[in-house]
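Thanks for coming, everyone. Let's look at the charged pairs first, then at the backbone.

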Amino acid sequence: MWKGNSPGGNQGVAMEEELGGQGNWGLEDAPGLLAMASLPIMSTWPLPLVSSAFTLLLGALTSLFLWYCYYLGSQDLQALAVGGQAGGVRGGPGGCSEVGRPSPGSSGEPGEGPRAEGLVSRRLRAYARRYSWAGMGRVRRAAQGGPGPGGGPGVLGIQRPGLLFLPNLPSVPFVPRDAQRHDVELLESSFPAILRDFGAVSWDFSGTTPLPRGWSPPLAPGCYQLLLYQAGRCQPNNCRRCPGAYRALRGLRSFMSANSFGNAGFSVLLPGARLEGRCGPTNARVRCHLGLKIPLGCELVVGGEPQCWAEGHCLLVDDSFLHTVAHNGSPEDGPRVVFIVDLWHPNVAGAERQALDFVFAPDP
């Protein structure tokens, strides 16, 4: 026999009274005892009150979500508006680089103006949804943080990429040749073929005749170029006219051939011409200069460090540093001619390259 003393004493008493007020129960009382034991010990809240509280909570969460969506949308619209005032995808402040024809106020390369930060971030999010955020830490900070550390200039104020500053990337004005040994050696071994190609497309550069087919309007007085790749897009007619140079480009491992930062072609600087105070659009690339014709009096100063080209040899330049190009020779010396190719910076990882190719894909 069992006496109904338990922590819920009152319930035990009630059970006793309902079962006849007896303290001793038999087997015949088992059904009633089980039914009483199944009753809840604590009373529940009224159902209307629970329903109202849940409705209020759901409404608050919905309002918070809608506000967050509005906030993100307004941020993107503000960024796009600022980008449009600065010239949209193509326009914006900054100097121009030597290869790639700049639009007014652009950073130097077609399709390389300061794209609005919101647009870059949206494209990066689209890439992450399709692939992954793995290895995207630096690219994500670059998309959110502006053109330099903290939105300001780079190293000591002499490195000022106009569009994309990839943080924690080793930065020196002149990159060692060993950093891109394969591509440097391939271009230098192709020097005779590339020089022959230039001879086939060159002209007198007097400026008194219309530009020959394939040559771009001058970046500045005395500065001409013929591009095989322009802002990541192949120029088929020019490539067919320069088979040796095109074959060399196809053999490179780190050529930016699918990115609007990527250019390749011949750059001609006449005696007396000068390009100064310029910065490239990003520190994620290295610009390779293969000297073809280098008269006396030519100079290249990058980040305050002077260098000179040599015929048949390559210089690797980080053109996100402030740089100046000049031909101080006499008219009898003839033009300075280099073949310029944009390569990936050796410390940009493969996943980062793929993401930047997606975000900065060439304009259709």
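R285 and D319 join their side chains in a salt bridge, 2.7 Å from N to O. That term means a side-chain nitrogen of Lys or Arg within 4 Å of a carboxyl oxygen of Asp or Glu. R285 sits in strand β6 (residues 285–293), while D319 is in the loop between β9 (314–317) and β10 (323–327), so the pair ties together parts 34 residues apart in sequence. Helices (H or I, at least four residues) and strands (E, at least two) are DSSP runs, numbered from the N terminus. Both R285 and D319 are buried. Buried means under 20% relative accessible area, exposed over 50%, partly exposed in between, with a 1.4 Å probe and protein chains only. Shared partners link R285, R287, D319 and D342 into one network of salt bridges.

A word on the source. This is a predicted model, where local features need pLDDT of at least 70, side-chain atom pairs count only at pLDDT 80 or more, and totals for chains, interfaces and linings use all residues. Residues are numbered from 1 along each chain as its sequence is written, and side-chain values use heavy atoms, leaving out hydrogens and water.

How many salt bridges does the structure hold? Ten. One of them pairs D178 with R181, at 2.6 Å from N to O. D178 is exposed at 54%. R181 is partly exposed at 44%.

Now the backbone. Most residues other than glycine have a negative phi. N168 has a positive one, near 60 degrees. N168 lies in the loop between α5 (137–145) and α6 (181–189), and is exposed at 62%. A231 also has a positive phi, near 50 degrees. A231 is buried, at 9% relative accessibility.
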